[in-house]
Amino acid sequence: MKGEEASAPRVNGLRWWIIGLVALATTINYVDRSALAIMWPDISAELGMTKGDYARIAVFFTVAYAVSQSLSGRLYDIIGTRAGFVVSIAVWSAAVALHALARGVASFSAFRVLLGLGEAGNWPGAVKSNAEWFPVKERALAQGIFNSGASVGSIISPILIALLYVQLGWQVTFVLLGGLGVLWIIPWLVVNRAGPEAHPWITAEERALIMAEAPATSDSGPRRSVLELLSTRRAWAVLASRFFLDPIWWLFVFWLPIYLSERFGFDIKQIGLFAWMPYVGAAMGSISGGALASALISRGQSVQRARRTAVSLGGLVMLPCLSLAAFASEPMVAVALITGVLFGFQLAIGNIQTLPSDLFTGSSVGTVAGLGGTTAAIGVVLTTWAVPQLTQTSYEAFFFLGAGLVPLGVACVFLFAHDAQEFGGLGVPEDEPSP
């Protein structure tokens, strides 16, 4: 075995190949989840469904997603990221293909539940993978690269799905999308053979860089119970901030195609031409937020201050863009302002999603990330349920809802994650007071 390892090829920057595959999985994740919203105007007309039906289907997806975030986070802490990603993507790929069999609200809801159960695992899995493969100063950048996959998926989705739909119809489109995840599993199993401490392809220099923080990132430490984690103030920096901020992103993931259809009369082809644009801003925000935090840390700022700076800047961008978008009367103006919203959101959220690996040991990172995903999904359920009522006559209240969530989410990072010396993967002190 040692001789085989010694003869194995060495790959420079192996950790970047790992995060690249995670970003690709995230791209597929968003293509799969966006398909229903993009094709909804025609699917609903064909099957006789309403916007209220769409909201109910979306709520079923989000409830399943919320439950699975916590379950998946725990699963990844138990079986590891390699096997965890295979389970998650296999489940959601089967689910999206099954959408081809849906014939009404009940069947679409059932398949969306299965989709939510699978897709949720991508996020705690990515946070845990980043904690395993990246030193603290690089984690926000790695998180930004991973998060950019969501933006790339959202950029690709309107164009790809509109093309497939026009040529093949909605049933075949769902089946083809289900095949993307199955193909992804192959390179994942080939490249992600083991963690950095045992991977046969890793260079000695890269292993030393990563393993210098092994006490913070390995799974060898004690695995804390969910109740123990919930009793810590720092866990609530993740849970509360995501409860308030994540719904802003999902307002547009769920409703942007429908907003463009109802507000400006767009058909599926026009949605395909416009709906990708805001996600270019989101991709830029993902990379910018990670690069900003990494640069600040490299210049000597504490991890705490770097995270807060990025989160605050994201909030300062989101708030005016959401407020002004409420009054946009031209589609290009609306799209430009929404682009600003998603840029600011991704600038902030990548740093918030990095907090579990900053504040907890490796054996708890997936669990805390999953719990944060659950509270985020609870917030999304509440806002999704409200949208049909808020948008009966106009979309002004829709945008004001998002604007009101921004200061609440940013404030939670300052309120709960306030002890600078505990940032940087140092773990959870035994005597930390509850929130």
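Predicted model: local features only at pLDDT ≥ 70, side-chain atom pairs only at ≥ 80, totals over all residues.
Residues are numbered from 1 along each chain as its sequence is written, and side-chain values use heavy atoms, leaving out hydrogens and water. Local features need pLDDT of at least 70 and side-chain atom pairs count only at pLDDT 80 or more, while totals for chains, interfaces and linings use all residues.

Let's start with the nonpolar cores, meaning sets of buried Ala, Val, Leu, Ile, Met, Phe, Trp, Tyr and Cys residues joined through side-chain atoms within 4.5 Å. Buried is under 20% relative accessible area, exposed is over 50%, and partly exposed is in between (1.4 Å probe, protein chains only). The largest core has 122 residues, and Trp249, Phe252 and Phe399 have the most contacts inside it. Helix α12 (residues 233–264) gives the most to this core, with 19 residues. Apart from that core lies another, of seven residues, including Val136, Ala140, Ala293 and Ala306. Helices here are DSSP runs (H or I, at least four residues), numbered from the N terminus.

Phe399 is in contact (heavy atoms within 4.5 Å) with Phe252, Tyr259, Leu322, Ala325, Ala326 and Ile338, leaving aside neighbours within four places in sequence.

Now for the helix pairs. Axes are lines fitted to C-alpha atoms over the stretch in contact, and angles run from 0 to 180 degrees between N-to-C directions.

| Pair | Axes | Angle |
|---|---|---|
| α7 (residues 136–168) and α8 | within 7 Å | roughly 130° |
| α12 and α18 (residues 396–416) | 8 Å apart | about 160° |

Angles under 35 degrees count as roughly parallel, over 145 as roughly antiparallel, 65 to 115 as roughly perpendicular, and the rest as oblique. So α7 is oblique to α8, and α12 is roughly antiparallel to α18.

In the α7 and α8 pair, Leu160, Ile161, Leu164, Tyr165 and Leu168 of α7 meet Trp170, Val172, Thr173, Leu176 and Leu177 of α8. The contact residues divide into nine nonpolar, one polar and no charged. Ala, Val, Leu, Ile, Met, Phe, Trp, Tyr, Cys and Pro count as nonpolar, Asp, Glu, Lys and Arg as charged, and the others as polar.

Asn192 sits in the loop between α8 (170–191) and α9 (204–211), and is buried at 3% relative accessible area. Asn192 touches Ile18, Thr81, Arg82, Trp133, Pro187 and His199, not counting residues up to four places away in sequence. Val303, in helix α15 (residues 303–325), is buried at 12% relative accessibility. The C-alpha atoms of Val303 and Asp358 are separated by 8.0 Å, with the two residues 55 apart along the chain.

Note on methods
Helix = DSSP H or I, 4+ residues; strand = E, 2+ residues; numbered from the N terminus.
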